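Hello,

The structure to be handed over is below. My notes on what was found in it follow.

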Amino acid sequence: MNALYTILLLIGSNIFMTLAWYGHLKLHQMHISTSWPLIGIIAFSWAIAFVEYSLQVPANRIGFEGNGGPFSLMQLKVMQEVISLVVFCVMANLMFQGQQLQWNHLAAFVCLILAVYFVFK
């Protein structure tokens, strides 16, 4: 069960991470934040990142084998990176229309899937 909780928390964390890193670009595109000062945009992103960390830290604590979880540190990190890229691709396509996946992106995903396979061996 800890594995499932870890993965779900990582997915949630990465949704908020993507919003914190790139959401302000969408707000600018929509002319919502065009008059905000840079410090306001940074504070807005940090507020979102707080939620991200509130999910990321428990995910790592629950999932880490040193705390009774099923994953090594390397496994957690590789899973996090793959989840991060998958979430980013989905959200980029939802938030920013026209961000199409190319063959080289798919090739990179295959390499990431292989990385996950090898890290769990």
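Glu-81 is partly exposed, at 32% relative accessibility (buried is under 20% relative accessible area, exposed over 50%, partly exposed in between, with a 1.4 Å probe and protein chains only). This is a predicted model, in which local features need pLDDT of at least 70 and side-chain atom pairs count only at pLDDT 80 or more, while totals for chains, interfaces and linings use all residues. Residues are numbered from 1 along each chain as its sequence is written, and side-chain values use heavy atoms, with hydrogens and water left out.

Salt bridge

The side chain of Glu-81 meets that of Lys-77 in a salt bridge, at 2.6 Å from N to O (the criterion is a side-chain nitrogen of Lys or Arg within 4 Å of a carboxyl oxygen of Asp or Glu). Lys-77 is partly exposed, with a relative accessible area of 44%. The two residues are four apart in helix α3, so about one helical turn separates Lys-77 from Glu-81. A search of the whole structure finds one salt bridge.

Overall layout

The protein chain has four helices and zero strands (DSSP runs numbered from the N terminus: H or I of at least four residues for helices, E of at least two for strands). Along the sequence the pattern reads α-α-α-α. Taken along the principal axes, the C-alpha atoms fill a box of roughly 50 × 35 × 20 Å. Of the 121 residues in the protein chain, 30% are buried.

Gly-63 lies in helix α2 and is buried, with a relative accessible area of 0%. From Gly-63 to Met-95 the separation is 32 residues in sequence and 30 Å in space, C-alpha to C-alpha.

His-31 is found in the loop between α1 and α2. Although His-31 is not a glycine, its phi is positive, at about 65 degrees. His-31 counts as exposed, with 63% relative accessibility.

Pockets

Pockets were searched on a 1 Å grid over the protein atoms alone: a pocket is an open set of points where a 1.4 Å probe fits, with protein on both sides within 12 Å along at least five of seven lines, and lining residues have an atom within 4 Å of a point. Points are joined across faces, edges and corners, and a volume is the space filled by probe spheres set on them.

The largest pocket holds about 220 Å³ of space. Its lining consists of Thr-18, Tyr-22, Phe-88, Cys-89, Ala-92, Asn-93, Phe-96, Gln-99, Gln-100, Leu-101 and His-105. By type, the lining has six nonpolar, five polar and no charged residues (nonpolar: Ala, Val, Leu, Ile, Met, Phe, Trp, Tyr, Cys and Pro; charged: Asp, Glu, Lys and Arg; polar: the others, Gly among them).

The second largest pocket holds about 170 Å³. Residues in its lining are Met-17, Ala-20, Trp-21, Ser-45, Trp-46, Ala-49, Glu-52, Tyr-53, Gln-56 and Gln-80. Here α1 and α2 (38-63) each supply at least two residues, and the largest share, six residues, comes from α2. This lining divides into six nonpolar, three polar and one charged.

Aromatic contacts

The structure holds five aromatic pairs (rings of Phe, Tyr and Trp, the last by its six-membered ring, with centres within 6.5 Å; planes under 30 degrees apart are stacked, over 60 edge-to-face, the rest tilted). In one of them, the rings of Trp-21 and Tyr-22 have centres 6.2 Å apart and planes at 65 degrees, so this pair is edge-to-face. Trp-21 is exposed, at 52% relative accessibility, whereas Tyr-22 is partly exposed, at 30%. The pair of Trp-36 and Phe-44 is also edge-to-face, with 5.5 Å centre to centre and 70 degrees between the planes. Both members are partly exposed: Trp-36 has 32% relative accessibility and Phe-44 has 31%.

Ring pairs link Trp-21, Tyr-22 and Phe-88 into a cluster.

Regards
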